[in-house]
Amino acid sequence: MIPARIQPKRVMSTKPSSIVQAPTWEAIQAAQQRIAPRIHRTPVLTSATIDALCGAEIFFKCENLQKTGSFKIRGATNAIFSLSDKEAARGIVTPSSGNHGAAVACAAAWRGVPAWIVMPKNAPSMKCRAVEAYGGKITFCEPRMSARNETTARIQAETGAVLIHPYDDDRIIAGQATAAKELLEEVGALDAVLSPVSGGGLLSGTVLSSKHLQPAIQVFGCEPANADDAYRSLQSGTLQSQDSSDTIADGLRASLAERTFAILRAQLSGIFLVTEEEIINAMALIWERLKVITEPSSAVALAPLLKSETLRSIAANSALARKPRIGIILSGGNVDLRALPFR
């Protein structure tokens, strides 16, 4: 069951949202210029079959085809290349379940500095191999957010490295915002954009770019029901913690930060929750019809549209007399091909 649309203006945060200043449009433009020579401008794909199944025109922004296999290279590159030479020389440290770690390791290698990556013991082995292939130095920790934070703080104290947080960083958010910016620049007017949500860096950036370019657009987050802290945070109006979770979408196990919570609370149209089975079914559909490899975290953004009530909600809010035009951010494609979930 998909929860009702969230009305962010009706809930209150634990702190005034004014304490968080979101990245400006100028910062997003600067990020795009900074990272453009180093990353891919990923393609936008469509599928007549998926359009027919969903009853909408859907445009997939394929960040699964991005360098390092996910959108994370956008934020990591922007953050690391924003550092002064003196800061960068100290090296980089970050906690990550995989994709951000690989992106940081890659961008740090481009900058010629070391990167220490703190990863949970249950991180997919192929994501660990990717981090090491890019030159990252992995330290494993228990699969809890508290353990990640404690281990990261210890390594930072030991090495003096600069922390590049996966999402609680304006430079990261501005970099991630470039994906939606590219999407809207390429396909024009959309009625809605759907993006996965974990720590909220990608979704915050998607909201900022989308609302700047098309103020009337709706932006929705999509989240596993088994890792629903963002949904609970926006429903309750207080930031909800999630120390651990059990979902196949291993890239969506983090919790919002105060920074991302404030941005989403102010501008997000809502969050849709999906089950593990719905995630797997959406993933299989993408593989079959788009002919591209995506990980479960990407499929979370398509899964809600395979249920008619989602489209009715989006269309009703826009009073459309035609099929909605909807953008989807396919966040990544790093999946172990030897351990696929399809039956």
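The legends below describe close-up views of a predicted model.

**View 1. Helix 5 and the elements that cover it.**
Helix 5 comprises residues 99-111, and its end C-alpha atoms are 18 Å apart, in agreement with the 18 Å that 13 residues should span at 1.5 Å a residue. Of these 13 residues, 11 are buried, so the helix is largely enclosed by the rest of the structure. The buried set consists of N99, H100, G101, A102, A103, V104, A105, C106, A107, A108 and R111. The cover over these buried residues includes helix 3 (72-80), helix 4 (85-88), strand 3 (92-95), strand 4 (115-120), helix 6 (125-133) and helix 8 (170-187). After helix 5 comes G112, which has a positive phi near 80 degrees.

**View 2. Packing of helix 5 with helix 6.**
The axes of helix 5 and helix 6 are 8 Å apart, and the packing angle is about 10 degrees. The two helices are therefore roughly parallel to each other. From helix 5, the residues N99, G101, A102 and A105 meet K127, A130 and V131 of helix 6. This contact has 4 nonpolar, 2 polar and 1 charged residues.

**View 3. Crossing of helix 3 and helix 8.**
Helix 3 packs with helix 8 at an angle of about 135 degrees, and their axes are 7 Å apart. The pair is therefore oblique, and the crossing is right-handed. Helix 3 contributes K72, R74, G75, A76, N78 and A79 to the contact, while helix 8 contributes R171, I172, A174, G175, Q176, T178, A179 and E182. By class, the contact residues of helix 3 with helix 8 are 5 nonpolar, 5 polar and 4 charged. Both helices are also included in the cover over the buried residues of helix 5.

T68 lies in the loop between strand 2 (57-62) and helix 3. Its phi is positive, about 65 degrees, although T68 is not a glycine. Most residues other than glycine have a negative phi. With a relative accessible area of 9%, T68 is buried.

**View 4. Crossing of helix 9 and helix 11.**
The axes of helix 9 and helix 11 (residues 258-267) come within 9 Å and cross at roughly 40 degrees. Helix 9 and helix 11 are therefore oblique to each other, and their crossing is left-handed. In helix 9, the residues G201, L203, S204, V207, L208 and K211 meet T260, I263, L264 and Q267 of helix 11. The residues of this contact divide into 5 nonpolar, 4 polar and 1 charged.

**View 5. Surroundings of V207.**
V207 is found in helix 9 (residues 201-213) and counts as buried, at 0% relative accessibility. Apart from neighbours within four places in sequence, V207 is in contact with V219, L264, Q267 and L268. Among these partners, L264 and Q267 belong to helix 11. The C-alpha atoms of V207 and L268 are separated by 6.7 Å, although the two residues are 61 residues apart along the chain.

**View 6. Surroundings of P224.**
P224 is placed in strand 8 (residues 218-224) and is buried, with a relative accessible area of 0%. When neighbours within four places in sequence are left aside, P224 is in contact with T247, A249, L252, L273, V274, E276, I279 and V300. One of these partners, I279, is a buried residue of helix 12. P224 and A303 are 79 residues apart along the chain, and their C-alpha atoms are separated by 9.9 Å.

**View 7. Helix 12 and the residue that follows.**
Helix 12 (residues 276-290) has 15 residues and reaches 21 Å from its first C-alpha to its last, close to the 21 Å expected at 1.5 Å a residue. Its buried residues are E278, I279, A282, M283, A284, L285, I286, W287 and L290. The helix is followed by K291, which lies in the loop between helix 12 and helix 13 (296-299). K291 has a positive phi of about 60 degrees although it is not a glycine. K291 is exposed, with a relative accessible area of 66%, whereas T68, another residue with positive phi, is buried.

Terms used
Residues are numbered from 1 along each chain as its sequence is written. This is a predicted model: local features need pLDDT of at least 70, side-chain atom pairs count only at pLDDT 80 or more; totals for chains, interfaces and linings use all residues. Side-chain values use heavy atoms; hydrogens and water are left out. Helices (H or I, at least four residues) and strands (E, at least two) are DSSP runs, numbered from the N terminus. The expected span of a helix is 1.5 Å times one less than its number of residues. Buried means under 20% relative accessible area, exposed over 50%, partly exposed in between (1.4 Å probe, protein chains only). Contact means heavy atoms within 4.5 Å. Axes are lines fitted to C-alpha atoms, for helices over the stretch in contact, and angles run from 0 to 180 degrees between N-to-C directions. Angles under 35 degrees count as roughly parallel, over 145 as roughly antiparallel, 65 to 115 as roughly perpendicular and the rest as oblique. A crossing is left-handed if the near helix is turned anticlockwise from the far one by less than a right angle, and right-handed if clockwise. Ala, Val, Leu, Ile, Met, Phe, Trp, Tyr, Cys and Pro count as nonpolar, Asp, Glu, Lys and Arg as charged, and the others, Gly among them, as polar.
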